[in-house]
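User: Good morning. I am new to this structure and would like a short tour of the side-chain pairs. Could we begin with the terms?

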Amino acid sequence: MRRRAQPGLVAVCLWLVFGWLVNIQTEARAQSVTALSTVYVPIVITTSAPTPAGEAEAITLINQQRLASGCQPVAPSAQLTTAALKHSREMAEKSYFSHTGLDGSSFVQRAQRAKYQFNPSAEVIAGGQATAAAVVQGWMNSPAHRNIILTCAHQEIGIGFVDMPGSKWRYYWTAEFGMR
């Protein structure tokens, strides 16, 4: 049984987690994070799979890996999250798995369509992992994905997770990275 989260509840949860991750140090930074609290990101919540907190947990786990390797943490980006979620949703709905969208788009084009104004720098995808811990562990066990996650130049991230029973991999993850 799937339920849609209430936009206000999702926004508050995202604001709380993102505020903690970003480690707000200035008033200007606080205002930009507060602006995130009014953004509605449609996320499907199910009783048998991760909730939107899974996406925030994935960012936390990625940042733990980055810090352990001497990189700064990546900050959540609403635009990169939009691009990642749309790509995960498309892969789930069409039951395919690729860095190339069905329209031929690259991660750079998808980030630009989501109005990301900076430099989209990389993408990692996964299918079949039900939890944030499993997906991040899978990425870290892959040399190519590990290198992307541990690229210190990345400054921002967006993660999109979709649970679609009946699709080929059921769980679809996309992480988009960017640089300012």
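Analyst: Buried means under 20% relative accessible area, exposed means over 50%, and partly exposed lies in between. By that scale F118 is partly exposed, because its relative accessible area is 32%. Please note that this is a predicted model.

User: How many aromatic pairs are there?

Analyst: The search of the whole structure finds 5 aromatic pairs. One of them joins Y116 and F118, with ring centres 5.6 Å apart and planes at 75 degrees, so this pair is edge-to-face.

User: And Y116, buried or exposed?

Analyst: Y116 counts as buried, at 5% relative accessibility, whereas F118 is partly exposed.

User: What about W169 and Y172, at what angle are their planes?

Analyst: The planes of W169 and Y172 stand at 90 degrees and the ring centres are 6.3 Å apart, so the pair is edge-to-face. Y172 is buried at 0% relative accessibility, and W169 is partly exposed at 29%.

User: Which residues form a cluster with them through ring pairs?

Analyst: F97 belongs to that cluster, in which ring pairs link F97, W169 and Y172.

User: Changing topic: how many salt bridges are found?

Analyst: The whole structure has 4 salt bridges. Among them is the bridge between D103 and R113, whose closest N and O atoms are 2.8 Å apart. D103 sits in the loop between α4 (78–94) and α5 (107–113), and R113 is in helix α5, 10 residues apart. D103 is partly exposed, with a relative accessible area of 49%.

User: Which residue does E123 bridge to?

Analyst: E123 forms a salt bridge with R110, with 2.7 Å between the closest N and O atoms. This pair links strand β4 (residues 119–127), which holds E123, to helix α5, which holds R110, and the two residues are 13 residues apart. E123 is buried at 5% relative accessibility, and R110 is buried as well, at 9%.

User: Where is E156, and where is its partner R180?

Analyst: E156 is in strand β5 (residues 156–163), and R180 is in the segment after β6 (171–179), 24 residues apart. Their side chains meet in a salt bridge of 2.9 Å, N to O. E156 is buried, with a relative accessible area of 6%, while R180 counts as exposed at 55%.

User: Last point: over which residues does pLDDT stay under 50?

Analyst: That applies to residues 1–51, for which the model has 60 contacts beyond four places in sequence. Where pLDDT is low, the predicted coordinates should not be read in detail. The protein chain averages a pLDDT of 78, and 71% of the residues score at least 70.

Definitions and conventions:
Residues are numbered from 1 along each chain as its sequence is written. This is a predicted model: local features need pLDDT of at least 70, side-chain atom pairs count only at pLDDT 80 or more; totals for chains, interfaces and linings use all residues. Side-chain values use heavy atoms; hydrogens and water are left out. Helices (H or I, at least four residues) and strands (E, at least two) are DSSP runs, numbered from the N terminus. Buried means under 20% relative accessible area, exposed over 50%, partly exposed in between (1.4 Å probe, protein chains only). pLDDT is the predictor's confidence in each residue, from 0 to 100. Contact means heavy atoms within 4.5 Å. Rings of Phe, Tyr and Trp (its six-membered ring) pair if their centres lie within 6.5 Å; planes under 30 degrees apart count as stacked, over 60 as edge-to-face and the rest as tilted.
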